[in-house]
Amino acid sequence: MQFKLVSKFRPMGDQPQAIHQLTKNITSGIPHQVILGVTGSGKTYTMASVIKKIQKPTLVISPNKTLAAQLYQEFREFFPKNGVHYFVSYYDYYQPEAYIPQTDTYIEKDAKINEVLDRLRHEAVQDVLNRRDAVVVASVSCIYNIGSPDEYRRVALHVKAGQTMSRRDFLSHLTSLQYQRNDFDFGPGTFRVRGSVVEIHIVTGKEIVRVEFEGERIVSPKSYTLYPAKFWVTQEEKLKIALANIRLELQERLSELRKKKKLLEAQRLEQRTNFDLEMIGESGYCHGIENYSRHFEFRKPDDPPFTLLDYFGDDFLVCIDESHLTLPQLRAMAVQDRMRKETLIEHGFRLPSAIDNRPLTLQETFQKIQQAVYVSATPGEFEKQKSGKKNIVEQLIRPTGLLEPAIEIKRTGNQIKNLVEEIKKSKAKSQRTLVITLTKRLAEEIANFLEERGIKTQWLHSEVKTLERPGILEGFRRGEFDVIVGINLLREGLDLPEVALVAILDADKEGFLRNETTLIQTMGRAARHPEGRVILYADKMTGSMKKALGEVRRRRKIQEAFNKKHGVVPKPIVKPIRKWLFGEKSRIVQEEFSHVRDATLLENEMKEAAASLDFERAAYLRDLIKSLPTKTG
């Protein structure tokens, strides 16, 4: 299929020249280029237009899940007939395995997997393997190991009508693909048997496949490919070799530890590894199986792991969104991961091969990328040097004619009192406010303080669950609250046209959260409103503040000149409030049963939910039953 762009917009301002230059550079084989686009200039539309012109599968890497979610929804609207996917870490909560020698403290890996995100990852990978019209919006987790794409294809089970296979062998295949039999709680990644029919709930959650048998022959479906339910699946004959190699490594490592008189470490490693080997031998899986990935993939020591990038093949485009923030994250991930693993290995918690279950280094990442476009209002020196001056494409004109926000500097004395007054001014005009703090604790305290004064407020930082963040922003836009207080989550890329005031507390505290780039990005949150303004609470003018103010004024002059030349009158951005596709569980349940008025049906659903230990759903259904009108005879 071809990419087909659907939009009511047309290229305006300096978008046409940006689209032309970016497309020309890609088709000419230029490996690196920058699009320096100001907030509100339509960078996402520009990139969608480029994708449509070059017709290449595209990976968009975003610095965090919140921005990735926003981009995902925007690209879905631009390409409704094409494959647009969301690929982020599938953890709602993640505590990596670690050991602290100073206190002899072992921290076991603790994680809460979000099943929706897991399904979306599989959906993304499968589409990338099977079609060219695919856009995957990912967080930086896309450079973590997910296993070999060749192995993922190879273990897939192809079924078609007329194929000779017994039902018993078919069920065995399903189990080896990590599908679990469950005849009662039939959800994604499970199968159930109904006589001669086997029903498989595909791991992506998109469909249920019915495979029907007549004796030793499959009679339906016509044709289907069943991919694994987990990424860590290996063919049986290779699994035996991998397990033998793990045992060999274990013996070598035990010998090494015992020579060093590290008997406790040797005992610890032997016990843990043998337990894992037994689990893998019995079920094909174990907790922490990714730590043995080098053996399952038959990689040499220090070889780069297989990541989402490998599933795209050779001819694809990578867009690194908010590159000034994303690239440093990509650079740091491998370093931090290695330090943690080396400590675990040294003290006998993991085999040395565990070091190769890791994210890519920055150098390895770029070895897998043929062409990259760095997207940012404030590109860093790294991407500027990679691209060269002639391949930096500027997009500084907003089609709406909106100017950079007016900026005011106020002293920090009584800043909270003044902040309340300023928020009330904006609230009186039905405008929203962002308040930027330096710490999570301060964000929560200020949010509580504002609530006590009758201002509807919500704090937002990294501890808010992945799937709740877009819902909070949606509620913010709808006016469910007037203020969001946060730290750096409120900087890059968030598209909130209702925000007219951005208040930056402690603006003169030099550092990562108050450097030139961060200040420009943060002030840009008010650039989508005709009355956009920024208040910097500071007692001195820092170097970062001076540079940021200078750049904002430069961009404001360019827009003013454009508006004057073309007779453009600034107008507000009108952006629909999108319903978040993966909202809270209670909302999904509510929509699912919104039409039900029969208490008996609801009671049956409640009992089924309780039996499957889904107590949250059961409790919601219980309350829904209580809310139904009582029948009178």
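Helices (DSSP runs of H or I, at least four residues) and strands (runs of E, at least two) are numbered from the N terminus. The model is predicted, so that local features need pLDDT of at least 70 and side-chain atom pairs count only at pLDDT 80 or more, while totals for chains, interfaces and linings use all residues. Residues are numbered from 1 along each chain as its sequence is written, and side-chain values use heavy atoms, with hydrogens and water left out.

1. Arg294 lies in helix 9, residues 293-296, and is buried at a relative accessible area of 14% (buried is under 20%, exposed over 50% and partly exposed in between, with a 1.4 Å probe and protein chains only). Not counting residues up to four places away in sequence, Arg294 touches Glu249, Arg299, Lys300, Pro301, Ser353 and Asp356, where contact means heavy atoms within 4.5 Å. The C-alpha atom of Arg294 is separated by 9.0 Å from that of Ala242, 52 residues apart along the chain.

2. Two residues other than glycine deserve a check of their backbone, each with a positive phi: Phe298, near 55°, and Glu322, near 45°.

3. Ser220 and Pro221 are joined by a cis peptide bond with omega of about 10°, and Pro221 is placed in the loop between strand 14 (217-220) and strand 15 (223-226). Most peptide bonds are trans.

4. Helix 17 (residues 516-523) packs against helix 18 (residues 543-566) at an angle of about 45°, with the axes 8 Å apart; axes are lines fitted to C-alpha atoms, for helices over the stretch in contact, and angles run from 0 to 180 degrees between N-to-C directions. The two helices are therefore oblique to each other (under 35 degrees is roughly parallel, over 145 roughly antiparallel, 65 to 115 roughly perpendicular, and the rest oblique). Glu516, Leu519, Ile520 and Met523 in helix 17 meet residues of helix 18 including Ser544, Met545 and Arg555.
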